[in-house]
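Hi there,

Here is the structure I promised to pass on to you. Have a look at it first, and then read my notes below.

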Amino acid sequence: MREREFREYAEACQARLRRAAFLLCGDWHQAQDLTQTTLMKLYAAWGRVRRDGNVDAYARTILTRTFIDQQRKGGWREESVGEIPELPVPATGTPELRLLMKEALMTLAPRYRAVLVLRYWEDWTVEETAHALQVTPGTVKSQSARGLARLRQAVENLSHETAGR
């Protein structure tokens, strides 16, 4: 029963976790590794997590913490252009804009990237994000503001570079 339930959950959420992981790390191979590590850790806690009822939030928390831990330990230094992700809903904007935003996101420090992905891609509240990252809500707010400012600056800089080509 446990095996079957977990397998069904893992099959249903794997693509969504991989897309979120890609936004965090910018590399499809690393995103796949992050997803697999997340699912392994989730399986180890499956009984408790399933009883608590918020499996998706727990999985995203594991994913984010695993990414931040890898960045602290200096893992995955290889950079790759990767592929354009398969989007679950029709994308808005031009492909060029999406690529520009992805490139700008990759210029941010891992902590800012994690906050922005959880807050604006995953649509988490300040409190949920603070809990996942083990920081205060005030830290999430300040990192959101600073991260967005740095993202805007990166987009502007990259736009000027692209226009000059």
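Let me start with a term: a crossing of two helices is right-handed if the near helix is turned clockwise from the far one by less than a right angle, and left-handed if anticlockwise. What you have is a predicted model, in which local features need pLDDT of at least 70 and side-chain atom pairs count only at pLDDT 80 or more, while totals for chains, interfaces and linings use all residues. Residues are numbered from 1 along each chain as its sequence is written, and side-chain values use heavy atoms, with hydrogens and water left out.

**Two helices that cross**

Two packed helices are described by the angle between their axes and the distance between the axes. Here the axes of α1 (residues 2-25) and α4 come within 11 Å and cross at roughly 35°. (Axes are lines fitted to C-alpha atoms, for helices over the stretch in contact, with angles from 0 to 180 degrees between N-to-C directions; helices are DSSP runs of H or I with at least four residues, strands are runs of E with at least two, and both are numbered from the N terminus.) This crossing of α1 and α4 is right-handed. On the α1 side, the contact (heavy atoms within 4.5 Å) includes Y9, R16 and L17, and on the α4 side V55, D56 and A59 are among the residues. By class, the contact has 10 nonpolar, one polar and three charged residues. (Ala, Val, Leu, Ile, Met, Phe, Trp, Tyr, Cys and Pro count as nonpolar, Asp, Glu, Lys and Arg as charged, and the others, Gly among them, as polar.)

**A cavity**

On a 1 Å grid over the protein atoms alone, a cavity is a set of points where a 1.4 Å probe fits but cannot get out; a pocket is an open set with protein on both sides within 12 Å along at least five of seven lines; lining residues have an atom within 4 Å of a point. Points are joined across faces, edges and corners, and a volume is the space filled by probe spheres set on them.

The largest cavity has a volume of about 30 Å³. Its lining is A20, L24, R60, L63, T64, V117, L118 and E122. Where does the largest cavity lie? Domain 1 (1-75) and domain 2 (92-164), with bounds from an automatic or database domain assignment, both give residues to its lining, so the cavity lies between them.

**A pocket**

The second largest pocket has a volume of about 350 Å³. α4 gives the most to its lining, with seven residues.

Happy exploring!
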